[in-house]
Amino acid sequence: MTDVWSPGSWRAKKALQQPAYKSEAEVNRVMEEIAKLPPLVTSWEIIALRKQLSQAASGERFLLQGGDCAESFDQCNSPMIANKLKILLQMSLALAYGSHRRVIRVGRFAGQYAKPRSDDFETIDGTTLPSYRGDLINRPEFTETARTPDPELMLRGYERAGMTLNFIRALVSRGFSDPHRLEYWDLDWVKDSPMAEEYRRIAHTIGDSLRFMEDVVGLHPGEMQWIDFFTSHEGLNLPYEQAQTRHVPRHAGFYNLSTHFPWIGMRTLDLDAAHIEYFRGISNPIAVKIGGIVSPEMLTRLIDVLHPDNEPGRLTLIHRFGAGKIAQFLPPLIAAAQRTGKTILWCCDPMHGNTEMTAGGIKTRRFHNILSELDQAFDIHAANGSRLGGMHIELTGENVTECVGGAREVSEADLKTAYLSNLDPRLNYEQALEIALFASRKMRSMNGHTIPA
Ligand code: PEP
Ligand code: CO
């Protein structure tokens with residue numbers, strides 16, 4: 001690894017999962033244009049998040065990271081953004097209740113537009129075209145024009161990310177997220193969901209506590225800044241990430257100002273390659289997805305390169321093994337991380353290790369596997385002198401049928417009724433809340449409380 005880092009020093013390395021753009025001049029022109037636009041986030045917010053993540057690592061907070069596998073440009077609209085915000089708010093309420101900790105809300109949004117693919121090409125009826133890599137790169141329709149990587153889409157993605165974030169900030173700052181108005185967060189389904197009663201009980205308990213603080217203690221939490229929302233995406237398409245990476249006034253170092261919290265995906269986790277080179281030099285808090293291919297030796301080197309100064313909140317490890325593998329793979333990695341002496345935030349992604357194909361050829365995930373991996377993650381960390389400090393979930397605020405199971409028992413036959421994802425299957429709003437209520441009960445029991453059924 002060279003010592004001299006710059007926002008573009010990754011170019012000297014092998015870059016995995018990058019589109020084959022036809023014109024480098026066009027890529028450079030788009031990058032220059034993005035670089036001139038105002039940033040999507042500020043270094044102050046990034047630093048605030050880093051501090052909160054450090055508190056999650058020490059057990060004072062809990063991280064909830066969630067959103068679509070991939071956002072799409074078409075879904076950059078008011079109801080879909082609001083619904084995603086609502087389900088994340090509801091989940092965070094449940095988690096705060098169970099964990100007795102403040103919850104950090106991080107969306108997989110405002111930039112989650114690029115996807116790694118197993119194959120560079122897709123063949124249908126004898127025609128071979130580049131694979132769809134997310135709306136930041138190309139379009140899903142199976143035509144030559146749609147599938148040709150277009151640098152201009154980076155600019156469209158940057159604009160859509162800006163619009164998404166603008167709407168989220170407006171909703172959050174004007175009362176939508178005020179916990180005195182919990183009914184604003186309700187999605188239409190809540191009233192007849194099998195989870196409704198448990199959720200309502202939590203919401204009422206919190207409402208009662210608020211009234212107690214205001215009426216009896218005399219505090220007025222309504223005047224406080226209640227809710228922060230942070231953004232995250234996989235930092236996959238490096239020209240896009242580089243374009244807004246720069247110095248800011250009054251803080252040392254370089255910041256990626258297109259998101260608060262970028263992560264390195266599993267498919268680009270190569271110690272000698274471009275993604276690690278890019279990520280090692282930015283000052284944002286960063287996350288790395290780790291799975292069964294990561295050995296304890298590799299993890300040790302990774303921590304050395306990405307987390308050399310043990311700066312609080314800098315590194316989150318998001319593990320994703322699968323329900324049947326976590327018990328085998330996680331303990332040696334926890335031990336390796338402990339031997340480095342560095343502080344790390346551990347987060348469980350119970351989605352990506354549990355992807356499977358049904359007999360009918362539909363990509364799905366089984367709810368009981370997702371639940372089981374998360375359940376095991378809490379116990380394995382506790383048994384190994386570590387702590388699970390967060391969860392990373394692919395979800396949507398819509399009524400989709402992409403994952404099998406859950407309280408409403410979505411069956412394999414049901415998958416056809418509302419399968420909207422172009423990529424990975426997401427939990428629908430009800431399954432997402434069910435996972436949060438489960439984690440809430442789990443943390444409550446680990447805190448020594450007895451759990452009402
Ligand atoms: C993802 O988060 O959508 C993803 C591709 O995950 P992973 O890198 O863990 O496979
Ligand atoms: Co995914």
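Gln 17 is found in the segment before helix 1, which spans residues 24–36. Let us start our walk through this predicted model there. With a relative accessibility of 17%, Gln 17 counts as buried, because the cut-off for that label is under 20%. Its backbone is worth a look too: phi of Gln 17 is near 60°, a positive value in a residue other than glycine. Most residues other than glycine have a negative phi.

Asp 125 also has a positive phi, in this case near 45°. You will find Asp 125 in the loop that runs between strand 3 (121–124) and strand 4 (127–130). Is Asp 125 buried or exposed? At 79% relative accessibility, Asp 125 counts as exposed.

**The metal site**

Now to the cobalt ion, which is ligand 2. Which residues coordinate the cobalt ion? The donors are Cys 69 through SG, His 352 through NE2, Glu 394 through OE and Asp 424 through OD, at 2.1 to 2.5 Å. Along the chain, these donors follow the spacing C-x282-H-x41-E-x29-D. Glu 394 belongs to strand 14 (residues 388–394), while Asp 424 sits in the loop between strand 14 and helix 12 (429–446), so this pair ties together parts that are 30 residues apart in sequence. Glu 394 and Asp 424 are both buried.

Ser 421 has its place in the loop between strand 14 and helix 12. Ser 421 is buried, with a relative accessible area of 15%. In sequence, Ser 421 and Ala 70 are 351 residues apart, yet in space they are 8.3 Å apart, C-alpha to C-alpha.

**Around ligand 1**

Which residues are around ligand 1? They are Cys 69, Arg 108, Lys 115, Pro 116, Trp 263, Gly 265, Met 266, Lys 289, Arg 320, His 352 and Glu 394. This shell divides into four nonpolar, two polar and five charged residues. Cys 69, His 352 and Glu 394 are among the residues around ligand 1, and these three also coordinate the cobalt ion.

Here are some of the distances from ligand 1 oxygen atoms to N or O atoms of the protein:

| Residue | Part of the residue | Distance to an oxygen atom of ligand 1 |
|---|---|---|
| Lys 115 | side chain | 2.7 Å |
| Met 266 | backbone | 2.8 Å |
| Glu 394 | side chain | 3.0 Å |

How much of ligand 1 does the protein cover? On its own, ligand 1 has 290 Å² of accessible area, and the protein covers 95% of that.

**Cysteines**

How many disulfides does the structure hold? The count is zero. For Cys 347, the nearest cysteine sulfur is that of Cys 348, 7.2 Å away. Cys 347 is buried, with a relative accessible area of 0%.

Cys 403 is in no disulfide either, and its nearest cysteine sulfur, that of Cys 69, is 11 Å away. Cys 69 is the residue whose SG atom is a donor to the cobalt ion. Cys 403 is buried as well, with a relative accessible area of 0%.

Ser 78 is found in helix 3, residues 78–99, and counts as partly exposed at 43% relative accessibility. Although Ser 78 and Phe 167 are 89 residues apart along the chain, their C-alpha atoms are separated by 7.9 Å.

Arg 280 is part of helix 8, which covers residues 274–281. The side chains of Arg 280 and Glu 277 are joined by a polar contact of 2.8 Å.

Gly 313 can be located relative to Arg 280: the two are 33 residues apart in sequence, and 14 Å apart in space, C-alpha to C-alpha. Gly 313 is found in the loop between helix 9 (296–306) and strand 10 (315–319). Is Gly 313 buried or exposed? Its relative accessible area of 10% makes Gly 313 buried.

How values were computed: Residues numbered from 1 in each chain as written. Chains lettered and ligands numbered in written order. Predicted model: local features only at pLDDT ≥ 70, side-chain atom pairs only at ≥ 80, totals over all residues. Heavy atoms only, no water. Donors = N, O, S within 2.8 Å, 3.2 Å for Na, K, Ca; no water. Helix = DSSP H or I, 4+ residues; strand = E, 2+ residues; numbered from the N terminus. Buried < 20%, exposed > 50% of the residue type's maximum accessible area, 1.4 Å probe, protein only. Near = heavy atom within 4 Å. Polar contact = N/O pair within 3.5 Å; in protein donor to acceptor, adjacent residues only side chain to side chain. Areas by Shrake-Rupley, 256 points an atom, 1.4 Å probe, with all protein chains shown as cover. Nonpolar A, V, L, I, M, F, W, Y, C, P; charged D, E, K, R; others polar. Disulfide = S-S within 2.5 Å.
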